[in-house]
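Me: I would like to go through some labels given to a helix and its aromatic residues, and the reasons behind them. The structure is below.

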Amino acid sequence: MRERPILFSGQMVRAILEGRKTQTRRMVKPQAAILTDEMARGFGIRPPAVENAPVIPCPYGQPGDRLWVREAWAVHPETGSLLYRADDEAPADTRWKPSIHLPRKHSRILLEMTSIRVERLQTISWEDALAEGTDNDPATTNAVGSFAKYWDYINGAEAWDMNPWVWVVGFKKVEV
């Protein structure tokens, strides 16, 4: 079992802490690292045993590995205690540090990978969109549309329309 860091926005940290987020999608880099069944046949080789198999290993690990969450943080200007931006409980003059600079010892969230697969972004199901944590009320909102808007917010305008190959990482929160 290995541990690796993973970045999450404040909104997604809150979703993990509330138990609403149990999956994350991350772009496969480079996109050419995917060998689809159709591509394999085009090259005259046997299709991969796993549909749309990646040629490269998943950079986040494999089931059983753990991911420690990096999030925006600060030191309280008066008390010296650690603050997390996702908690929204900080003085206005707080000087936030980017999530990339959070040391392992200050990470408060540990995730265990339960599954990993590769798929096209737009093949996300309604259930998987809910597991991404972007909706609070699944009965009254369009979960896939909400996720698509969030994907564009994080990755840039029209990133959803590009329909990239993504790693789909399932996880569960580990109590630390």
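Reply: In this predicted model, helix H4 covers residues 143-155 and reaches 18 Å from its first C-alpha to its last, close to the 18 Å expected for its 13 residues. Its buried residues are Ala143, Phe147, Ala148, Tyr150 and Trp151.

Me: How do you know that the buried residues of H4 line one face of the helix?

Reply: Down the axis of H4 they fall within an arc of 165°, so they line one face. Lys149 and Tyr153 are exposed on the face turned away from the buried side.

Me: What makes asparagine 142 a cap of H4?

Reply: A side-chain oxygen of asparagine 142 lies 3.2 Å from the backbone nitrogen of valine 144, at the N-terminal end of H4. A polar contact requires N or O atoms within 3.5 Å.

Me: Why is the pair of phenylalanine 147 and tryptophan 160 called edge-to-face?

Reply: The ring centres are 6.3 Å apart, and pairing requires centres within 6.5 Å. The planes meet at 80°, and over 60 counts as edge-to-face, so the label applies. Phenylalanine 147 and tryptophan 160 are both buried.

Me: Why is the pair of tyrosine 150 and tyrosine 153 called tilted?

Reply: Their ring centres lie 6.0 Å apart with planes at 40°.

Me: Why does tyrosine 150 count as buried, and why does tyrosine 153 count as exposed?

Reply: Tyrosine 150 has 11% relative accessibility, and buried means under 20%, so it counts as buried. Tyrosine 153 has 65%, and exposed means over 50%, so tyrosine 153 counts as exposed.

How values were computed
Residues numbered from 1 in each chain as written. Predicted model: local features only at pLDDT ≥ 70, side-chain atom pairs only at ≥ 80, totals over all residues. Heavy atoms only, no water. Helix = DSSP H or I, 4+ residues; strand = E, 2+ residues; numbered from the N terminus. Expected span 1.5 Å × (residues − 1). Buried < 20%, exposed > 50% of the residue type's maximum accessible area, 1.4 Å probe, protein only. Arc of directions from axis to C-beta. Polar contact = N/O pair within 3.5 Å; in protein donor to acceptor, adjacent residues only side chain to side chain. Phe/Tyr/Trp six-rings, centres within 6.5 Å; stacked < 30°, edge-to-face > 60°.
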